[in-house]
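The report below goes through a pocket, its lining, some aromatic contacts, the pairing of strands and a few backbone details. Please keep the sequence and the structure in view while reading.

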Amino acid sequence: MPIESTSQSGLNKEQKARLLMDFIHRSMMHHAMWFAEVQHQYGREKAMEVMKDAYAKSFGIQMNRLAKTLGFEMRDGVPGPLLDLPDEKLDELTESLAVNWLANDGVWFQAVEFTHGLWDAKRCNDTCWAHFSPFEAWSIRNFLGLPENSGLEGLKQALQFRLYATINKQSIVEETENSFTFQMNECRVQAARKRKGLEDYPCKSGGLVEYTTFAQAIDPRIKTECIACPPDEHPEGYYCAWRFSI
């Protein structure tokens with residue numbers, strides 16, 4: 001329903017609440033657009049360095065202002081209400097955020113697919129992973145305090161902190177001192193398709209981008225090899241498997 005008010009002060013409570021949520025979305029998009037432009041101007045590595053500084057400062061400013069406005073305390077940079085939650089609720093909230101991330105990915109895919117077709121959606125999807133996967137690796141590195149070029153051990157640890165690790169079942173199979181295999185044993189997307197009687201989604205092209213760029217963002221020396229990924233045939237024990245080596 002169109003809003004007739006000519007100013008924010010004329011909105012009713014529901015409209016103000018909706019505007020508030022829209023402000024959050026605008027801020028998220030502005031953050032992403034700043035990064036995209038800095039990356040365009042200076043390249044990914046320098047953009048990551050700039051973002052690390054900008055994000056740290058922005059997070060402090062924004063959370064402290066929200067804490068003051070809403071009346072909660074910040075404890076060592078973490079909102080007090082989160083620290084007061086029981087571990088089980090924190091885990092549940094973490095999983096909900098990860099599922100929402102995946103749902104958002106699917107919504108974008110379908111939005112492109114329904115307007116421009118499947119192959120355009122796959123092309124956009126693969127390109128998106130080329131940007132997101134190294135960013136997620138960078139984010140995990142900062143969260144864990146991993147050093148640069150942390151090798152296969154660093155990669156093993158980082159794989160356990162991906163968004164996918166929260167909602168899928170995965171495993172690592174040791175091979176040699178210089179290699180290991182990563183298996184996605186249960187995939188939320190593929191399992192949903194299986195329940196509907198659909199064939200596996202052919203995700204190999206995206207997976208090659210996803211895993212290769214993630215591993216290289218942890219350590220450029222790491223090489224990635226696809227063992228199997230749909231549309232490849234695969235055993236019942238996993239949907240896709242990847243070998244990482246130095």
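## The second largest pocket

The residues that line the second largest pocket divide into 23 nonpolar, eight polar and eight charged, where Ala, Val, Leu, Ile, Met, Phe, Trp, Tyr, Cys and Pro count as nonpolar, Asp, Glu, Lys and Arg as charged, and the others, Gly among them, as polar. This is a predicted model, in which local features need pLDDT of at least 70 and side-chain atom pairs count only at pLDDT 80 or more, while totals for chains, interfaces and linings use all residues. Residues are numbered from 1 along each chain as its sequence is written, and side-chain values use heavy atoms, with hydrogens and water left out.

The lining comprises 39 residues, and those nearest the centre of the pocket are Leu102, Asp105, Val189, Arg193 and Tyr201. Two or more lining residues come from each of helix H4 (87-116), helix H5 (118-144), helix H8 (188-195), helix H9 (204-218) and strand S6 (240-245), and H4 gives the most, with 10 residues. Helices (H or I, at least four residues) and strands (E, at least two) are DSSP runs, numbered from the N terminus. A pocket is an open set of points on a 1 Å grid over the protein atoms alone, where a 1.4 Å probe fits, with protein on both sides within 12 Å along at least five of seven lines, and lining residues have an atom within 4 Å of a point.

## Aromatic contacts

Across the whole structure, 14 aromatic pairs are found; rings of Phe, Tyr and Trp (its six-membered ring) pair if their centres lie within 6.5 Å, and planes under 30 degrees apart count as stacked, over 60 as edge-to-face and the rest as tilted. The ring centres of Trp101 and Tyr164 are 5.0 Å apart with the planes at 85°, so this pair is edge-to-face. Because Trp101 belongs to helix H4 and Tyr164 to helix H7 (residues 163-167), the pair ties together parts that are 63 residues apart in sequence.

Trp101 counts as buried at 17% relative accessibility, and Tyr164 counts as buried at 12%, where buried means under 20% relative accessible area, exposed over 50% and partly exposed in between (1.4 Å probe, protein chains only). Both residues belong to one aromatic cluster, formed by Trp101, Trp129, Phe132, Phe135, Trp138 and Tyr164. There is also a charge over a ring: the charged end of Arg162 sits over the ring of Phe214, 5.4 Å from its centre, the criterion being NZ of Lys or CZ of Arg within 6 Å of the ring centre and within 35 degrees of the ring normal.

## Strand pairing

Strand S6 pairs in the antiparallel sense with strand S4 (residues 179-186) over six bridges, and also in the antiparallel sense with strand S5 (residues 223-228) over five bridges; two strands pair if DSSP finds at least two bridges between them. Within S6, Ala241 is the bridge partner of Gln183, while Arg243 stands opposite Glu225.

## Backbone details

Most residues other than glycine have a negative phi, and most peptide bonds are trans. The peptide bond from Pro230 to Pro231 is cis, with omega near 20°, and Pro231 has its place in the loop between S5 and S6.

Asp76 has a positive phi, near 55°, and is placed in the loop between strand S1 (74-75) and strand S2 (78-79), where Asp76 is exposed with a relative accessible area of 83%. Asn149 likewise has a positive phi, near 55°; Asn149 is found in the loop between H5 and helix H6 (151-159) and counts as partly exposed at 42% relative accessibility.
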